Amino acid sequence: MKIVQIKCPSCGTPIRMKNKERIFLCDNCKMMHTRNHGIESIDYEIADFAPGTAGERMYMPFWRLYCDFSIRSKNVERGSFFRLSQWIKGDRDSGMLFVFIPAFDVSLEDFKILSTRLTLNPPHYHTTMNFGGVPRMPVLLTKEEAQELADFVVVTIEAEKPGVLQYLDYSLIVKDEKIIYLPFIKTPSGPVLAV
């Protein structure tokens, strides 16, 4: 078997990657790319820690999908699409929105909590140019896998209100995607977002 050294397609610097990581980040020019279907540049942002944040720091990666969401038909008993209507801001049945997908190794329960919480309340943050020596968790989901999970997040958001949602026919079209590294502080009860 022939082993080939991965080099940055932009500057040619050899790339060291974390175990099982699905993306490559160049330490020299900071280009991020994937090689799933040929070389493809990945857009990403690094959110800065809130001033005065204390504790053990780490970065957790999320796919942020910019989606065109549209409800074609629905049947709701005893109420409305409370969460979805909040999500798309208004009485309309369609709109543009961000869906957050954890891209790191996480349990199903934590996946549901993080994806729905961040999708319903997208974090506001300042960006920074580098990780500042803070460790980052590896990206384990491809863009295509994240797109497939976006539907799961949509259904989870409304299905967590039992007895209301009876039927939902919708379309969710991903228009753009980006990796967002969000800052967290480790606590005894689990990671806490620190923006």
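A residue counts as buried under 20% relative accessible area, as exposed over 50%, and as partly exposed in between. Asp 169 has a relative accessible area of 25%, so Asp 169 is partly exposed. The structure discussed here is a predicted model.

The chain holds 3 helices and 9 strands. Read from the N terminus, their order is β-β-β-β-β-α-β-α-β-α-β-β. The chain has 195 residues, and 39% of them count as buried. Among the contacts with a separation of 6 or more, 73% are between residues 24 or more positions apart. The accessible surface of the chain is about 11100 Å², and carbon and sulfur atoms make up 50% of that surface.

Beyond its neighbours up to four places away in sequence, Ile 101 touches residues including Trp 63, Phe 111, Leu 141 and Val 153.

Trp 63 is also a contact of Thr 142, as are Arg 22 and Asn 36, leaving aside neighbours within four places in sequence. Thr 142 sits in the loop between strand S7 (127-128) and helix H3 (143-159). Its relative accessible area is 6%, so Thr 142 is buried.

Arg 22 leads on to the charged pairs. There are 7 salt bridges in the count. One of them joins the side chains of Arg 22 and Glu 145, at 3.7 Å from N to O. Arg 22 is in the segment before strand S1 (24-25) and Glu 145 is in helix H3, 123 residues apart. Arg 22 is partly exposed at 30% relative accessibility, and Glu 145 is partly exposed at 29%.

A second pair is Lys 178 and Asp 43, whose side chains meet at 3.6 Å, N to O. Lys 178 belongs to strand S8, while Asp 43 lies in the loop between strand S3 (40-41) and S4, 135 residues apart. With a relative accessible area of 13%, Lys 178 is buried, whereas Asp 43 is partly exposed at 43%. Glu 45 joins Asp 43 and Lys 178 in a network of salt bridges.

Asp 169 returns in a salt bridge with Arg 72, at 3.0 Å from N to O. Asp 169 lies in strand S8 and Arg 72 in strand S5, so this pair ties together parts 97 residues apart in sequence. Arg 72 counts as exposed, because its relative accessibility is 54%.

Methods:
Residues are numbered from 1 along each chain as its sequence is written. This is a predicted model: local features need pLDDT of at least 70, side-chain atom pairs count only at pLDDT 80 or more; totals for chains, interfaces and linings use all residues. Side-chain values use heavy atoms; hydrogens and water are left out. Helices (H or I, at least four residues) and strands (E, at least two) are DSSP runs, numbered from the N terminus. Buried means under 20% relative accessible area, exposed over 50%, partly exposed in between (1.4 Å probe, protein chains only). Contact means heavy atoms within 4.5 Å. Accessible areas come from the Shrake-Rupley method with a 1.4 Å probe; for residues, only the protein chains shown count as cover. A salt bridge is a side-chain nitrogen of Lys or Arg within 4 Å of a carboxyl oxygen of Asp or Glu.
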